[in-house]
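I opened my notebook to record, entry by entry, what I looked up in this structure. The sequence and the model come before my notes.

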Amino acid sequence: MSTSDGAEPHPPASAESPPATYSTPSFNNLPLHTEMQMLAQYAYKQYKTRGDLDALEISTQCYRAAMGATEDDHPEKVDIISNLGVVLDTRFKCVGEHQDLEEAIFLRQLADALTPDDSPDKPSRLSNLAVSILSRFQREGRAEDLEEAIRLWTHADELIPNSHVLKPALLNNLGSSHQTRFEQLGKLEDLESAIALHARAADLTPDGHPGKPSLLNNSGNSHWTRFEQLGKLEDLESAIALHARAIDLTPDGHPNKPSLLNNSGNSHLTRFEQLGKLEDLESAIVLHARAVELTPDGHLDKPSWLNNSGNSHQTRFERLGLLEDLESAIKLYAHAVKLTPDGHPSKPGRLNNLANSLVHRYERTRDLKDLEKAIAHQSRAADLTPDGRPDKPTLLNNLGTMLQTKFEQSGSLDDLDQAITHLTNAVSLTPEGHSDKPRWLYNLGKSLLERFNEAGNVPDLEEAIRYSTCSVELLPKIHADRASNLRLLGILFDTRLRSPHAQADDATCAMEAFLEAMQHPNSHPLERLRACSQYTDLLSEFPHLFTTPPRLALLDAYKYALELVPRCIWLGNNVRGRYASKELPVIGRMVNDAVTATISAGEYGLALEWLEIGRAVVWSQVLQLRTPLDDLRRHHPQLADDLYNVSQALQHAASSPSSSLPLPTEPRKTQPSLEGHAQSSHTYALEYEKLITQIRELDGFKDFLLPKTLSQLAGACVSGPVVVINAHKSRCDALVLYGAGDIAHVPLPDLSLPLAKAIQKLLWDTLRAKRLLNRCRGTTRDEFEHDDRAGRVTAMDPPDLMRGILADLWNRVVKPIMDVVCTLIPSSATLPHVTWCPTGPLAFLPLHAAGIYPERKGTNTLSQTVADIAISSYTPTLKALLKPRTRLTASYTEYPKVLVVSQPDTPNCASIPETRTEAGIVMSLIEDSTPLDDTEGTIQSVLEGMATHDWVHLACHGVQNHTDPMSSAFALYDGRLTLSSLMSQHLPNADLAVLSACQTATGDEKLSEEAVHLAAGMLNAGYKSVIGTMWSISDYIAPEVMRVFYTVMAEQVKAGGELHPAYALHEAMKALHNKPGGVDDFIRWVPFVHFGL
């Protein structure tokens, strides 16, 4: 949601010559005009010292009296005129009365005209006039005002030598005006001029001069702006150093100290976003808080400092997820609004900012009161803005979109009607030719479509088509919004096509709009991908309506869509932002449709290739950055080094703070904390893409880092068949990759997507009811038998429900597949190894345990289970099985080095004492073991140990965070080792990870195609084989499992040859079946799973 405001955080860079002031007013029969001047000067000084607006009003009245008491030909008349201009300009900045500004400009123009060029006062009067004209530019945006300000300051600069006392101030003001013009036109030469002029101004001013801190501050601001543009860290470091020096030169009682503290806080906030060091964020919070504390509520700048303090708390909320930081931000924004008078030009924008922060909280808590308050503030912002103001349509548009959001929640047509009214007014207040006109028309058309869908009023649909058509016609062909506008137009024609009011050309018009949208090169890839989806849906559902073949056939359209996938989930965003994005679900649905279409067409190889493109997209990007560059380095060493360096920078950015869009603030240039980080990440991503393009143009490298072909994916089935299962609304199928890359197709007619979702929901509802998901607290074994590693006591599950779920999976999914698999592989004395790669809701179901498990009493039903005929593993993608074959698949010449981590008494978690027993079992079976028990098991020691050991065994609490999957974690002694931290690890020599913790392979049901869980995190960190758990496990069962598992693994090591962790886990599960409760105690044994080789 855009903001209409443009003000804040740095203080005004322009300096003007204030009226001369005296320490106290003293009158001894002086002329009236002199007495009035002295009173005016004294009052102005009181205002500057205390921020007292009453004193500023007295100064204004006294200067008016002095001007009235002075003859036109009096030599002091021009001074009085000039000083009254200064005071009126100051009052304008305080209360925002436009009349004050116009009068200040008039008086300063008069003073300038009355002052000859050879007068020593000429430069200061030119400068003061420029200050006021620049203020009018900032208010009204007239380019001629900015040009006039630059001309006036340039003229003033030409009139005085470097030694003149006003020279630094003039250079500073001229530099600031060039910086402003840069912000308007984007010409780097203006920014370079600003930096040079600000540097000269500071250099010409000695350290003891009272104006030196402000000049250093503005020099720092210009470096900061260049950093935002070019992403060079040295500019940011210069800004921080200059701001720090300005603070050091300013005593605590100085009135400028708060503004300097504020700017330094902004710089530290920016560096935090770049480097991710929490100490920078804490410094920003402290500096902003000090700026607020040192500034009384009546001071002009207090709202700005409050706003920026809110920004720093908002950033910490985004980094650490603490709701109290968001609450602090909202309070600070609210205080800023409260201190801003209704007539102030920044008031609407500050109300808009508060409204947007409340919407942010609404999105987190879903509390409708926040949305209501946001709408109220936005309404007030619009009411305070006259219709003639250029930002009024933007405020009305934002209000309309908020009301439409409310309608989506409430379903009230009254909300939608109000939204349409405001959006209509936004359109009517926007003149023809205005660049925002197409956007307002688009929003209006979209809301009219909503009302048609709700009420069925045909004129609404016709009006929506008219407005949407107009928005497309007005938008330039190269505009980035064009795909969005075209897609809406296509949706409107598609909607009419499906209604009783369809017209003959609706299908063709919709198809052409979608096709142009998906092929528009400058638009957002997600909009293009959505247009692809709607294009393919149209072709699939209404092929009979097209009298001529479409310009792009169905499979070609899907191919085009899949080529957009890497651009939708961009490397320039961090990983948490990528997982939280709207793109992944869209990609998942598109890939599901595309794979189903290829299966229907008998293109099974293409189906596997496409499935790989659309699954685990973010993991694939992370692994791509770690691709060995040996071949490239042999032929093109410099390119290899460049690509390596950029890849390293992007990997760092992957685990950095959120790159989501910042909340609107006042002004645009005061949002560097998020924008600076984004700019740097985007720069690296663009450089990475440029290098990849350059490399693919080289001989022998045309396929460099392109998606893998079927012939390359065939290596995934070296250790046995890989079964990929696709569940779609129209059909369900399995593809079995085996042998040298052959594919067997297995239809699954007894399975449907709704049924798969229902089975998954039934399982998860059962697990939640048994407290086996989500929570992380526990009690003791005495209370119940199942004390688990998520720190909960779990109830013994009645076996009938699980028995039914596993039987359904066997009959509908696994048995049809295994019937085919058994015909594809030669018979052997050992069980075959099958690796499952399920998609959609099937990714959360225990296929490895599917089977018919008869009740023990009074039944002759024979057991039929997948474990009887195969050893099962899982993989998130085929690519994950293509890792280099290290010692896991070759002979160990000596025992592997094993890191054994046990956490029996993790602070703030339930005690799980059997982890220590379990660790003892592992160390007794594996000779070369390194224990990290209890207090030794810190985040740093575990990460360091993982880097130096072949295997790692983690016996601790584990948590799958369903709100923020990247915060899923192992609970260690000093904190949580999160999935985001694991993502930053690269352990190419790691072999086996045993995650004897809860929910390490659970995943996030909203991201079913992304495998966002700890087991996948270990695979992607470099481990070839991972043991994980689909839900919480018992603290007293885990040691039994691990005793058998490591006994088998130790025997394999001694025997030499390949190691088979999946076989060892299979044997451990068989041993559990022979324990009390046996195979019927599904909750005990089913959650243990194997991933990888």
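I looked up W836 and, leaving aside its neighbours within four places in sequence, found it in contact (heavy atoms within 4.5 Å) with V723, I725, V814, I817, M818, L847, V866, S872, S873, Y874 and T875.

I noted that this is a predicted model, in which local features need pLDDT of at least 70 and side-chain atom pairs count only at pLDDT 80 or more, while totals for chains, interfaces and linings use all residues. Residues are numbered from 1 along each chain as its sequence is written, and side-chain values use heavy atoms, with hydrogens and water left out.

Next I turned to the nonpolar cores, which are sets of buried (under 20% relative accessible area, 1.4 Å probe, protein chains only) Ala, Val, Leu, Ile, Met, Phe, Trp, Tyr and Cys residues joined through side-chain atoms within 4.5 Å. The largest has 107 residues, of which I725, I817, W836, M946, M1018 and F1045 touch the most other members. Another core, of 95 residues, lies apart from it and has I375, V472, L564 and L881 among its members.

Then I asked where S468 sits, and found it in helix α20 (residues 458-474). Is S468 buried or exposed? S468 is buried, because its relative accessible area is 0%. Not counting residues up to four places away in sequence, S468 touches N485, L488, L489 and L492.

Last, I looked up L110 and placed it in helix α4 (residues 98-113).

Conventions:
Helix = DSSP H or I, 4+ residues; strand = E, 2+ residues; numbered from the N terminus. Buried < 20%, exposed > 50% of the residue type's maximum accessible area, 1.4 Å probe, protein only.
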